[in-house]
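This report describes selected features of a single protein chain.

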Amino acid sequence: MNTGEDGLNKPAVRGFSSVQTVVSQTSPPKKSFLYDPKVRGIFYQVLLVAIVSYLFYVAATNAIENLQRAKIASGFGFLENTAGFDISQSLIQFSAAGSTYGDAFIVGLLNTLIVSAIGIFFTTILGFLIGIARLSKNWMVAKVAMVYVEVLRNVPLLVQLLFWYIAVLGSLPHPRDSINMGAGFYLNARGLFMPSPVYASDIWAIPAALLIGLIGTFLYRRWAKAKQEKTGEQSPVGLVTLGLVLGLPILTWVVLAIVGANPISFELPRKGTFNLTGGMQILPEFVALLLGLTTYTAAFIAEVVRAGILAVSKGQTEAAGSLGLKPGQILRLVVIPQAMRVIVPPLTSQYLNLTKNSSLAVAIGYPDLVQVFMGTVLNQTGQAIEVIVITMGVYLTISLVTSAVMNIYNRRVAIVER
């Protein structure tokens, strides 16, 4: 047998090479079309879409037949019909004789948006304060904050709304015995009466001053941030922002009033024999709903804030203290900015809950979207499907917009790792 220098049998090597060549030239077996995972995935998705579409088609056909059998017209044409009822609180002009169901929808939507926006503002402040207070070194402050959280979180919101509306605001005196709070403010069982602003033709100067203040604030904050990154020196951003956003419009108003062109005057409420006339009235239903939503949601936000602060490493606080920062500065400049990446996602959920919980206003008679549109309009028109679809679409849109805004803010406060 012929062998080479390496001691291997050459014919055996040639045989091995030939086998390797045959294996390499042999193509892998083709998979069956039915067993391809991608094909099966597409097939199941198409099948699911077809089934869901069929179910929607059957439901819509059944609903249309039932409406025709009950002689109820379908469509959204009812929004142009005259409403024929009054609404206790309206941010736009609304009357029973001249307004339509579409106008009633807008009134209910605006009432929902205003109580949600004001509630989010106050509940954020109150929630952050209570959340920080829960971590206070003062035993009394920490325990009071803990009791607040544990009590309000575990009492149903509907019960709290009824408490504020019946037990607190319902015990206020009759309008004839209104409590005079001074400066044109009166409080009674029908709400809070306050001076109503009357705008002149030169009112445009106030929004213009506010716009200039906002632009100036944006430019100043960018300059202060660039200066701090370059030199490490901080600028009074908060005071400058307050001066530009609030001080500039107030200064404009004062200057115009001095020269005799007062853009805003006030109509004071007048106390009559049985009631108050003139001025602006804030309904007790609005106050009760706002108080209930704010105090209830703040208890949950407080726990979110506490968890976010505890998520920051204690070494960050110790390092900031070693640099000579005071406790307030450590919390504001070091701890809170890092805790926001933990706080923002659950905070968004609480904002959404507050907006959706405002629908409980129907229990105390506040004219929000549910009470006006799904209550009065639905009972008068019988357009159940259209009314429910519009209401669901409104709450879905509000939730999606809120989530989008908070996601943008979340990306800004997120810590970028290198």
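The account below concerns a predicted model and moves from annotated spans to individual side chains.

**Annotated spans**

The UniProt record, an unreviewed entry, assigns the feature "transmembrane region" to residues 42-60, 104-130, 151-172, 203-220, 241-266, 286-305, 360-378 and 384-409. In the model, residues 42-60 are 100% helix and 0% strand, and the C-alpha atoms at the ends of this span are 27 Å apart. The span 286-305 is likewise 100% helix and 0% strand, with 27 Å between its end C-alpha atoms.

**Helix α12 and its packing**

Helix α12 comprises 30 residues, 384-413. From the first C-alpha to the last, α12 reaches 43 Å, close to the 44 Å expected at 1.5 Å a residue. Its buried residues are E386, V387, I390, T391, V394, Y395, I398, S399, T402, S403, M406 and V413.

**A nonpolar surface patch**

Which residues form a nonpolar patch on the surface? The patch consists of F43, Y44, L47, I51, Y54, L55, Y57 and V58, which together have about 880 Å² of accessible area. One of these residues, L55, belongs to helix α2, residues 37-69. The relative accessible area of L55 is 53%, so L55 counts as exposed, the threshold being over 50%.

T294 is part of helix α8, which covers residues 284-310. Is T294 buried or exposed? Its relative accessibility is 9%, so T294 is buried, given that the cut-off is under 20%. Beyond its neighbours within four places in sequence, T294 is in contact with G119, F122, T123 and L126.

**Salt bridges**

Side chains of opposite charge can pair when their charged atoms come close. The structure contains four salt bridges; the table lists three of these pairs.

| Pair | Closest N to O distance | Relative accessibility |
|---|---|---|
| R134 and E303 | 2.6 Å | R134 17%; E303 15% |
| E233 and K227 | 3.8 Å | E233 45%; K227 22% |

R134 and E303 form a salt bridge in which the closest N and O atoms are 2.6 Å apart. Because R134 lies in helix α3 and E303 in helix α8, this pair ties together parts that are 169 residues apart in sequence. R134 is buried, at 17% relative accessibility, and E303 is buried as well, with a relative accessible area of 15%. R134 and E303 are also linked with R306 in a network of salt bridges.

The pair R153 and E150 has a local setting: both residues lie in helix α4 (residues 139-153), three residues apart, about one turn of the helix.

E233 counts as partly exposed, at 45% relative accessibility. K227 is also partly exposed, with a relative accessibility of 22%.

Notes. Residues numbered from 1 in each chain as written. Predicted model: local features only at pLDDT ≥ 70, side-chain atom pairs only at ≥ 80, totals over all residues. Heavy atoms only, no water. Patch = residues over 30% accessible without salt bridge, like charges linked within 9 Å, V, L, I, M, F, W, Y side chains within 5 Å. Areas by Shrake-Rupley, 256 points an atom, 1.4 Å probe, with all protein chains shown as cover. Salt bridge = Lys/Arg side-chain N within 4 Å of Asp/Glu carboxyl O. Helix = DSSP H or I, 4+ residues; strand = E, 2+ residues; numbered from the N terminus. Buried < 20%, exposed > 50% of the residue type's maximum accessible area, 1.4 Å probe, protein only. Expected span 1.5 Å × (residues − 1). UniProt positions renumbered as here; feature names shortened; annotations may be inferred. Contact = heavy atoms within 4.5 Å.
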